[in-house]
Amino acid sequence: MNPQALIDGLVAGSTIGLGAIGLTLTYSILRFANFTHGDFLAWGAYLTLTVAGVLGGLAAGLGAPVYPFSFGWGLPLAMLGGVCLTIVLALGLDRVLFGRLRARGADTIIIVMASFGASMALRSLLEFIFTAKPVYFTKALQIANPLGFGMRATPDQLLVIGLTLLLVVALHLIVTFSATGRAMRAVAENPSLAGVYGIDVARVVRVTWIIGAGMACIAGVMAGLLVQIRPYMGFDLLLPLFAAAILGGIGSIPGAMIGGLVIGLAEAFAVQIVGAEWRAAVAFVILVLVLMLRPQGIFGRKGA
Amino acid sequence: MTTLALRDLKAGYDRDLPIVKGVSFEVEEGECLCILGPNGAGKSTMIKAVAGLVPTFGGTVHLNGADITGLASHQLVRKGMGFVPQTENIFTSLTILENLQIAAQLLPAAERANRIAAMFDMFPDLGSRPRTEAGALSGGQRQMLAAARALLTEPKVLILDEPSAGLSPKLVGQVFDTLRRISAAGVTLVLVEQNVRAALALTERALVLVDGRLAHDGPADDLHDGKLLGELFLGHRSAEASA
């Protein structure tokens, strides 16, 4: 077996894990499976690409690759803009659709179906605006450097793994030790009681969308940077995202990340062992096994 | 001075089928009041409506003279309302300290640590293990944590929904001892309770709610022998007759 699968799995798992964080937070605090989350990844990538194009037009030097990476300073700057725009998209969608359904006391299944419909609309809109043709943040070639034990990784791949680690640790510390994090955990356990404690639940919901959409955008940019940007890139990641969130335990940020890495690694090794055509089935098999054997996931609480 | 005043309050889950059908009463500052009534009388619904958890369909609620009708529960806490629900009244996945820290967020930053320390002094059982997950506490300790959380912000009125529900007789005694201390400290208390004997021993005044309407409002001593209470619970005596 080629040990390169380990690096490939970690890279893919980083994107899945970061995307799953938003999904697991939405699931635990808003209590519905948000199918639009995959599209936040795709929209995040396209919005970042658009901002990068604008920045490139304003200052051509921003696009020049900065050694050893394949992209210039324009991309991280554009990603900040993309994160902000993806947050606006998520908050807007909540205001127009999900918030109204919550206010009417709609059943969870109605909200899930609404998210499914919104997901299709968002995807079609992306295809309408940008076409289905894949696009790239950069076309610069990178040589994968040897890491030892027969493994290789490009600087971009190592950056993705490092940035993911940094974001997950930062988010975990915020949710565990900050007042906002405590409020989020409280709302996840009992939103009605949270109000009695003086927590503004609507504010916590907004924070949840902000974190979720922000992480989704960064995950989308990572996927776009390492592979390509397509309108269906988020939809294709949806099953691995759900599998990672459920495997890690709903509401757990480290759980979502570890779940993402497990799915990424399992997919990478499955490609080597049983063939690339089975890659998509891996997340489904893991999801079913978790639901049957440990429905609360790795870090989830029984009955939560 | 009147702390809490309800005027013709109507509330429930369906506008066409109100559970509370026009209730009026006032609670004076420092008073300890219990609300009694048979199951389904609307006691819990009424105080949940006061606490912003159930919609109101008519009437008003005033706290220290300010109209608070229809405000959301988190806004009411900032206005000085302390409410302790009957069940699920603490966050079991959070530690004792975290439960109090959430409530303390409403206070100025400089006061938070002192107020939490004051609650740990008042409830030493909690103070001895602040990092214990609240889900590991006994029923009585949970009620104490719920009361500590509500008292932390020094509310103008503390409303409790059946604090003795589901507790063993020993724990009921502990809970009522705690409430006696809270009342003695000058906190205005409104208590909905099924444990009539314990509630009447604690409070000075009692209301009886029957079928969403006030059937009695008078000194708690009037209800001690049980005869009047029995008649009110069974609907053999109207509000007018008992007034």
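Here is a short chat about how some terms apply to this predicted model.

User: Before we start, what are the ground rules for this model?

Analyst: It's predicted, so local features need pLDDT of at least 70 and side-chain atom pairs count only at pLDDT 80 or more, while totals for chains, interfaces and linings use all residues. Residues are numbered from 1 along each chain as its sequence is written, and chains are lettered from A and ligands numbered from 1 in the order in which they are written.

User: What makes up chain A in helices and strands?

Analyst: Eleven helices and two strands. Helices (H or I, at least four residues) and strands (E, at least two) are DSSP runs, numbered from the N terminus. Along the sequence, the pattern reads α-α-α-α-β-β-α-α-α-α-α-α-α.

User: How do you know whether chain A agrees with a compact globule?

Analyst: The radius of gyration is taken over C-alpha atoms, and the globule rule is 2.2 Å times the number of residues to the power 0.38. For 304 residues that gives a value near 19 Å, and chain A has 19 Å, so the two agree.

User: Why is α9(A) called roughly parallel to α11(A)?

Analyst: Helix α9 (residues 233–248) of chain A and helix α11 (residues 279–293) of chain A pack at about 30 degrees, with axes 9 Å apart. Axes are lines fitted to C-alpha atoms, for helices over the stretch in contact, and angles run from 0 to 180 degrees between N-to-C directions. Angles under 35 degrees count as roughly parallel, over 145 as roughly antiparallel, 65 to 115 as roughly perpendicular and the rest as oblique. That's why α9(A) is roughly parallel to α11(A).

User: What kinds of residues form the contact of α9(A) with α11(A)?

Analyst: Twelve nonpolar, no polar and no charged. Ala, Val, Leu, Ile, Met, Phe, Trp, Tyr, Cys and Pro count as nonpolar, Asp, Glu, Lys and Arg as charged, and the others, Gly among them, as polar.

User: How many residues of chain B are in contact with chain A?

Analyst: 21, and they meet 17 residues of chain A. Contact here puts C-beta atoms, placed from the backbone, within 7 Å.

Technical notes
Two residues are in contact if their C-beta atoms, placed from the backbone, lie within 7 Å.
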